[in-house]
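Subject: A structure for you to explore

Hi there,

Could you open the structure below and keep it beside you as you read this email? I have written up what was found in it.

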Amino acid sequence: MVSSNALFDSSILGTSVLSQIPEKHVLRALELTDFNKGYMDCLANLTITGTVTSQTFAESFEEMQRAGCYFVVVIENLETSTIVASGTLIVEQKFLRNCGRVGHIEDIVVAKGQQGKRFGFTLIKQLLALCTATGCYKSILDCNQENVAFYEKCGLENKGVQMALYAPDAAKK
């Protein structure tokens, strides 16, 4: 059962990965209250977040929760009640491969000062376990060239080139 505060039911998280989290930290599903625990500050270590209010955060959270295919995993420092790392899995339903599913791993971020604690590795392993738990036949992750070696250490293979086209006003968002 999903708490209205949690994006998804954390009971599907892999226990073998959970045991790798250091003391005084917890890996869990994103919660609505994480806006007040610095979630957007953590994401800002990755890219532009724009101006997100608690209301717009809640609206996006509820939309993602209703869709049922978003799995945002966070690591919280329990001593400081702050989000120190996050990663997202989006499960895409396909018509290909017998109407299979593909897991898109996105937005892997570890807050400044928290690197070197294996949080990124642990997030990737957890998201890959979620791919398996949700029946994905493959997992996809796009990254910058300088991050390829890290993701290869996590068990992923370099399989191609990413292409993108940003909306003309994307820099303003």
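First, some ground rules. This is a predicted model, in which local features need pLDDT of at least 70 and side-chain atom pairs count only at pLDDT 80 or more, while totals for chains, interfaces and linings use all residues. Residues are numbered from 1 along each chain as its sequence is written, and side-chain values use heavy atoms, with hydrogens and water left out. Helices (H or I, at least four residues) and strands (E, at least two) are DSSP runs, numbered from the N terminus.

Let's begin with helix α3, residues 54-67. Phe57, Ala58 and Phe61 of α3 are buried, meaning under 20% relative accessible area, whereas exposed means over 50% and partly exposed lies in between (1.4 Å probe, protein chains only). Down the axis of α3, the buried residues fall within an arc of 95°, so they line one face of the helix; the arc is that of the directions from the helix axis to the C-beta atoms. Gln55, Glu63 and Arg66 are exposed on the other side of α3. After α3 comes Gly68, with a positive phi near 75°.

Now the core. The largest nonpolar core has 42 residues, and Tyr39 and Ile124 have the most contacts inside it. Such a core is a set of buried Ala, Val, Leu, Ile, Met, Phe, Trp, Tyr and Cys residues joined through side-chain atoms within 4.5 Å. Helix α5 gives the largest share of this core, eight residues. Beyond residues up to four places away in sequence, Ile124 touches several others, including Ile105, Phe150 and Leu156; contact means heavy atoms within 4.5 Å.

Finally, look at the strands. Glu76 sits in strand β2, residues 70-77, and counts as buried at 5% relative accessibility. Its side chain makes a polar contact with the side chain of Arg28 (2.8 Å). A polar contact is a pair of N or O atoms within 3.5 Å; within protein, one must be able to donate a hydrogen and the other to accept it, and residues adjacent in sequence count only if both atoms are side-chain atoms. Glu76 also touches Val26, a residue of strand β1 that is partly exposed, at 27% relative accessible area.

Happy exploring!
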